Amino acid sequence: MSQATHVTHVMNTYARQPIAFVRGEGVWLWDESGKRYLDALAGIAVNTLGHAHPVLTRAIAEQAAKIIHSSNLFRIPLQERAADLLAEVTGLDEVFFCNSGCEANEAAIKLARLYGHQRGVATPHIIVMENAFHGRTIATLSATGSRKVQAGFEPLVPGFVRVPLNDIDTVRAIAERDTSVVAVMIEPIQGEGGINVSRLEYLRALHALCQEKEWLFISDEVQCGLGRTGKWFVYQHAGFMPDVVPLAKGLAGGVAVGACITGGRAKGLFKPGHHGSTFGGNPLAMAVGQAVLDVLLAEGFLDEVKRKGLYLKQRLASVIDSHPDLVDEVRGEGLLVGVRCKVPVAEVNAAMRAEDMLGVGAGENVIRLLPPLNVSDAELDEGVRRFDAALAALDRARAG
């Protein structure tokens, strides 16, 4: 049956492209017809080490032959080892394992509310940012700063106070009048929102206010963390320690795993019975997560991510100069890069697919480029060449 006539019982929750990938290697993907694509999407920042990385495939095979799942009712030594590694790279103390970014953020929201109640706040409030994306469960949807995502799912969960990104004065004004605030929750680089980057001085001021008011600082690094910016986490660029760090996406290179990591004021808040997960932190996910972390911990790996990110942005800047009617800005940090489009981003994305290259739209007309962290300079060059060719074709099409 052809793709055009194929009937599926998969729920229609995605505007899927008529492409099915059957094999991957590094930064490359092959579809059913054998066509090869350059993957500058990496499963939306999930395939940290690309496709079929030998360390990951070996970890999966070896662990699957031993034990895939037991239960969090029992000790899971691999989970303890993974938690030790995450404590090392975050500088925090305790790790709760789950399956996804929205679950990690749900745990963070529960922590903030529990923290508030323990301080005698009857209706705890969490300050969140416009254009943020924290997930699609009801609580994380309510924290998310997108009416498009929220529409149709009201009533939303109360308790979130929304402010513009990079506006410390508004947060200070809220601090003066709202005594129910117990936490700030921020994506330090907004992915879905359009690669909107928090200024480091803003992050520092926000953290200082949290210290003054004894609020929790929650740094949602589900998309921007785990080395993607050239440091393990964005808050490390700003030079302070948050209280809660939700993670997921690239943590196990494609195997579903999330984590909510705590320290500071959030350490020790959760006790037995406060939270849980059936699948979270099972042996298979932990074996693969360890494998990813071990690769990223190699000396010089994150320095290379930073260097490659600068190189990519420089190359993209020259492309923008060649197509001023189509694109006008490169933004982001490390290998979390966005290009703002002056034409509908769907047109740019389609033109990229015609050049056998994958990206993804975000926010207000931004195309995201999120290649695997081990992408080579030659592969970056090829990606820039294909992006340039896509824009050139779009230029010609629009010229008539």
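Predicted model: local features only at pLDDT ≥ 70, side-chain atom pairs only at ≥ 80, totals over all residues.
Residues are numbered from 1 along each chain as its sequence is written, and side-chain values use heavy atoms, with hydrogens and water left out.

**Exercise 1.** Work out how α2 and α10 are oriented to each other, and which residues make the contact.

Step 1: find the elements. Helices (DSSP runs of H or I, at least four residues) and strands (E, at least two) are numbered from the N terminus. Here we need α2 (residues 54-64) and α10 (residues 283-296).

Step 2: take the angle. Axes are lines fitted to C-alpha atoms, for helices over the stretch in contact, and angles run from 0 to 180 degrees between N-to-C directions. The two helices pack at about 155°, with axes 9 Å apart. α2 is therefore roughly antiparallel to α10 (angles under 35 degrees count as roughly parallel, over 145 as roughly antiparallel, 65 to 115 as roughly perpendicular and the rest as oblique).

Step 3: list the contact (heavy atoms within 4.5 Å). From α2 come V55, L56, A59, I60, Q63 and A64, and from α10 P283, L284, A287, V288, A291, V292 and V295.

**Exercise 2.** Do the angle step again for α11 and α13.

Step 1: α11 (residues 301-322) and α13 (residues 377-399) have axes that come within 10 Å and cross at roughly 25°.

Step 2: these helices are therefore roughly parallel to each other.

Step 3: look at the residues. R307, K308, Y311, L312, R315, L316 and V319 in α11 meet D377, L380, D381, V384, F387, D388 and L391 in α13.

**Exercise 3.** Which strands stand at the edges of the open sheet that contains β1 and β15?

Step 1: write the order. Four strands run β1-β2-β3-β15, with mixed pairing (two strands pair if DSSP finds at least two bridges between them).

Step 2: read off the ends. β1 (21-25) and β15 (357-358) each have a single partner strand, so one side of each is left without a neighbour in the sheet.

Step 3: check one pair. β1 and β2 (residues 28-31) run antiparallel and are joined by four bridges; E25 has W28 in β2 as its bridge partner.

Step 4: α13 lies across β2, β3 (36-39) and β15, at about 105° to β3.
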